[in-house]
Amino acid sequence: MPDAVVIGAGPNGLVAANLLAEAGWSVEVLEAQDEPGGAVRHDRGADPEFTSDLFSAFYPLAAASPVLAGLHLEREGLSWSHAPKVLAHPLRDGRCAVLSRDVEETAASLEAFAPRDGAAWKELERVWEALRPDLLDALFTAFPPVRAGARLAFRLRAAGGLRLARTMVLPVRRLGEEEFRGEGGRLLLAGNALHADLAPEAAGSGGFGWLMAMLGQTYGFPVPTGGSGALTAALVSRLAQHGGAVRCGEEVTEVIVRGSRAVGVRTASGEAVPARKAVLADVSAPQLYGPLVPEHHLPGRLLADLERFQWDFATFKVDWALDGSVPWTCPEAAQAGTVHLADGIDALTRFAAQIAMGRIPDTPFALFGQMTTTDPSRSPRGTESAWAYTHVPHLVKGDAGDDGLTGAWNAREQEIMADRIEAQVERYAPGFRSHIRARRILAPPTLESLDANLHGGAINGGTTAMHQQLIFRPSPGTGRPETPVAGLYLASASAHPGGGVHGAPGANAARAALRRQRTDVLSHLQIRLTNRDRKGQHGEPFS
């Protein structure tokens, strides 16, 4: 019987398993898919000579994560690759905002949009550097981050206090208008905010866009050399060295609860897998509460709250094998790993508004990844392994374009939407289509079929909006990995601090389980000592 069973071999589940195994626990990880990794996997499905990341690709949060740094995965062979430039946002008039790991290069790019915008960027970067150590500690720690939070509060006072706090909760459109005279800096912030599901007018989108931009400024948007699955392979290898095991093709269908405590799980084959100390679930909150844990074991208030759970936007992705470099009109884009494609802030607002209205965008904001530019091992010399994704509504009420898309995502609709994304790329890289050697489409249902946590193609485990963060994640009054069932811990992106590949939800769940076990041991010891003392007072021999 293992000490712990971990449901799901995504990055959070594997991080949790590693920390438990390192602490001396026996750990078994059960994964429904035929291979580990969750949304951190690669294959050669677009073309046999091209490596394509199936889901996530760039990892600024992993690069900044103290959780992953503490695992020393470089000892398992993991290495990182960087594109010459982090990110580019070209405009159709030929201008291009560029994010570089060299702050002087970033500033020079923005200065070309408006005088003094370079200095404004440097000021945002100065604030970031003042806050960075404690901000990252607070971000990746279980809520509330008492010690890191106290240090961060002290630094916040020194950096501007309430004025800075106001800045962080601003909509990113307003933040950009306050900080920059030109559009370049505004685009870098707003485009990064839409890596999540935060429209330019959403409260808090300014702080999120600033965070992502500053992560890129400091750490870049690195990729695992050889493919995203290299990160998964390193986690699995490390776990094996500490005695942990991963079993794939084992879908968990139930968390077994006895006496209000999780004591194991049951798989689709009917096998009961017991857990001596804890069950950790790297699954979405809506999947854990109700489908896996029978409702009669859960508070009615929690179940009612989860009816209000909001998913982040659905995702539509296309992978390409290109026989040459992308013919960007703006040459700066050729050096960037990530390219944002939208012709200004208003285009981003229009895109997000169409999704909010349930309409499939007619001119989708595309996040474009140039993987061979970032890691030359991904495809033959002179070619490019590339992808782009955009967002679409979960509940489609109509098509903002003229194609009558309904969200059924059958073969016809997938081809039309992929063509729509390619048309967006062509606006900034005329002739792009002539370089396509092969393409693969990953529509929202396809993404979910490959990873059940990607509900309807949502990639962040729930919205990043303020009303579902901190103590509101995944529901009001939670914010921690502990659940109403003793010995059961939520270890997925549905828990604080949310989506992205950084391992924090898994680490927080593992640490909570270890802390609970220590508390139980101490309590048991205290009871024994108390009983011994009582026996001594009555003249009975000690045992």
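Two strands are taken as paired if DSSP finds at least two bridges between them. Helices (H or I, at least four residues) and strands (E, at least two) are themselves DSSP runs, numbered from the N terminus. The model is predicted: local features need pLDDT of at least 70, side-chain atom pairs count only at pLDDT 80 or more, and totals for chains, interfaces and linings use all residues. Residues are numbered from 1 along each chain as its sequence is written, and side-chain values use heavy atoms, with hydrogens and water left out.

**Stop 1**

Select R258 and R261 to begin. R261, in β11, is the bridge partner of R258.

**Stop 2: strand β2**

Next, select strand β1 (residues 4-7) together with β2; the two pair in the parallel sense over 4 bridges. Within this pairing, V5 has E28 in β2 as its bridge partner. Is β2 enclosed or open? In strand β2 (residues 27-31), 5 of the 5 residues are buried, so the strand is largely enclosed by the rest of the structure. Buried means under 20% relative accessible area, exposed over 50%, and partly exposed in between (1.4 Å probe, protein chains only). Both faces of β2 are covered, with V27, V29 and E31 buried on one side and E28 and L30 buried on the other.

**Stop 3: aromatic pairs**

Now display the rings of Phe, Tyr and Trp (its six-membered ring), which pair if their centres lie within 6.5 Å; planes under 30 degrees apart count as stacked, over 60 as edge-to-face and the rest as tilted. The structure holds 12 aromatic pairs. Select W320 and F368: their ring centres are 5.7 Å apart and their planes at 25°, so the pair is stacked. This pair links distant parts of the chain, with W320 in strand β14 (residues 314-322) and F368 in strand β17 (residues 366-370), 48 residues apart. W320 is buried at 0% relative accessibility, and F368 is buried with a relative accessible area of 0%.

Move to F351 and F365, whose ring centres are 5.9 Å apart with planes at 75°, so the pair is edge-to-face. F351 lies in helix α14 (residues 345-356) and F365 in the loop between β16 (359-360) and β17, so the pair ties together parts 14 residues apart in sequence. F351 is buried at 1% relative accessibility, and F365 is buried with a relative accessible area of 1%. To finish this stop, select W320, W328, F368 and F432, which ring pairs link into a cluster.

**Stop 4: salt bridges**

A salt bridge is a side-chain nitrogen of Lys or Arg within 4 Å of a carboxyl oxygen of Asp or Glu. The structure holds 35 salt bridges. Select E178 and R166, whose side chains meet in a salt bridge (2.8 Å, N to O). E178 lies in helix α8 (residues 172-179) and R166 in helix α7 (residues 162-169), so the pair ties together parts 12 residues apart in sequence. E178 is partly exposed at 29% relative accessibility, and R166 is partly exposed at 42%.

Continue to R439 and E415, which form a salt bridge with the closest N and O atoms 2.4 Å apart. The pair links distant parts of the chain: R439 is in strand β20 (residues 436-442) and E415 in helix α16 (residues 411-428), 24 residues apart.

Then select R515 and E482, joined by a salt bridge whose closest N and O atoms are 3.6 Å apart. R515 lies in helix α18 (residues 504-537) and E482 in the loop between α17 and β21, so the pair ties together parts 33 residues apart in sequence. Lastly, select E415, D419, E422, R433 and R439, which salt bridges that share partners join into one network.
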